[in-house]
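I want to look up the domains first, then the ligand sites.

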Amino acid sequence: MLKPDFKEAKKRTKKEIKVLKNEYVIPEKIKNVGINKKYYIKTYGCQMNEHDSEMISAILEDLKYTKTEDYTCADLIILNTCAIRENAHNKTFGMLGRIKHLKQTKPNLMVGLAGCMSQEESVVNKIISDYKWMDFVFGTHNIHKLPQILKQAIESKQLEVNVLSNEGNVIEGIPSKRASKYKAWVNIMYGCDKFCTYCIVPYTRGKQRSRMKDDIINEINDLIKQGYKEVTLLGQNVNAYGKDFKNISYNMKDLLLDVAKTKIERIRFVTSHPWDFTDEMIDVIAKYDNICNYIHLPVQSGSNRILKLMGRRYTKESYIELYNKIKDKLGENCSITTDIIVGFPGETDDDFNETLKLVNECKFDSAYTFIYSPREGTPAAKMKDDVSLEVKQKRLYQLNEVINKYAKMKNDKLVGKTVPVLLEDVSEKSKSMLAGYTDTMKLVNVKADKKYLGKIVNVKITDAKTWSLDGEINE
Ligand code: SAH
Ligand code: SF4
Ligand code: F3S
């Protein structure tokens, strides 16, 4: 049994990061284990987890499992979990409750836990004591070992816990079953070394480690050959890409430039930490048309006092300066979105008003807003969580009102304009419509024939709502 260890997870040493290319191997004994069997995977959390699930799916399909969207029909269920807030935990445990019932009627059902919750000591201890009926737990560092872990669980018929809490390596060569045929996630780095005081990610994802340029560019060239139109470069702090290289001088600006030169039609990147955003990066984004005019730039709070307690290492003033610089160089039409936490320990009405002031100044295109949730093991969890739930909810509501106002205002400005949209799916609104995103990441529902799927087409915007636009093709 290999249990997670937060003390180990917290360590950052100078140990060399290895790029391992031959680690994904399927043991002969289980290479057909999934024949006539179905798997179900449920993903919680961020884009990184979405992409990890694409890898888990590909591994299971290599083992000949086929996918089902209905967990009650599955022979193997994997929950790829998120630990960022308490409600992510609750969702997972709620689902496990339902699965436990199912397992009572289907004793051969295999159930596994993956993702960031698996990296938490307290979660794994709870699984070991109260969820013995589960079959396996693996973490974010050893997805490529899933065949071996599954084999062990099948053979031992006991709960198999295999979670590493090391700083992590860069594992290449894991297959991926991508959810979309047109846009793809591409990891450029793993882990995080920022240790914002409220955040669990540095403990669940390990040290910041960048993939080698050639591996990233080869992956993107391959995607272009397969017909992909858009890539999103993924990392917790993409702007810090390359900072961990020892003898190579190559950073995010260099990478953006090289990705732009692949001529893939659209390039996005998330998430940008304001701290590492350089002027050179902004220049490259401005210069290349295929780098989207969309920046997700989490601010978290508008109060310098709270930003300091959060360990964010920038001030409200330096954030606004960066914001204005981006707008100046990329143009007013570029869209900037953010993340904000309300109710951080010690947040007063004045602190919260500073956040509202910042939002009124920046007028974000949209924002993800959250109530602070203490995460065990983080420095903020030791601070007094002294804002009542009632006040937290009130602040969240008030903040959302303002955020929504600006989101609608930005969308209204697009009515009557013609903008390129990558049509990627049938619309959730109506089967006769397609849905896609503008270069600035606005959702558009378009009256269009299915032949336009996977194409970037000019769309005239006819109506604006808070979270989406309507449009028609204008060729
Ligand atoms: N790496 C990204 C964010 C990753 S987590 C960055 O640094 O910007 C996504 C968002 O979840 C964060 O931006 C933050 O707003 C929110 N979040 C993280 N930890 C949280 C916590 N303990 N409680 C509430 N929200 C949290
Ligand atoms: Fe978490 Fe901060 Fe790292 Fe983002 S930068 S993942 S918020 S520790
Ligand atoms: Fe959640 Fe882990 Fe992502 S905690 S937000 S799944 S990195």
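This is a predicted model: local features need pLDDT of at least 70, side-chain atom pairs count only at pLDDT 80 or more; totals for chains, interfaces and linings use all residues.

Residues are numbered from 1 along each chain as its sequence is written, and side-chain values use heavy atoms, leaving out hydrogens and water.

Next I checked domain 2 against domain 3. I find 21 residues of domain 2 in contact with 20 of domain 3 (heavy atoms within 4.5 Å). Together they bury about 1,700 Å², 54% of it on carbon and sulfur atoms; buried area is the accessible area (1.4 Å probe) lost on putting the two parts together, summed over both. On the domain 2 side, Y182, R266 and N411 supply 38% of the buried area, more than any other three residues.

Then ligand 1. I see 15 residues around ligand 1, the closest being Q236, P298, Q300, D339 and S373 (a heavy atom within 4 Å). For polar contacts (N or O pairs within 3.5 Å), a polar side-chain atom of Q300 sits 2.7 Å from a ligand 1 oxygen, and one of R312 sits 3.2 Å from a ligand 1 oxygen. S373 uses a backbone N or O atom, 2.8 Å from a ligand 1 nitrogen.

Last, ligand 2: its surroundings include C192, C196, C199, H273 and R312.

How values were computed. Chains are lettered from A and ligands numbered from 1 in the order in which they are written. A polar contact is a pair of N or O atoms within 3.5 Å; within protein, one must be able to donate a hydrogen and the other to accept it, and residues adjacent in sequence count only if both atoms are side-chain atoms.
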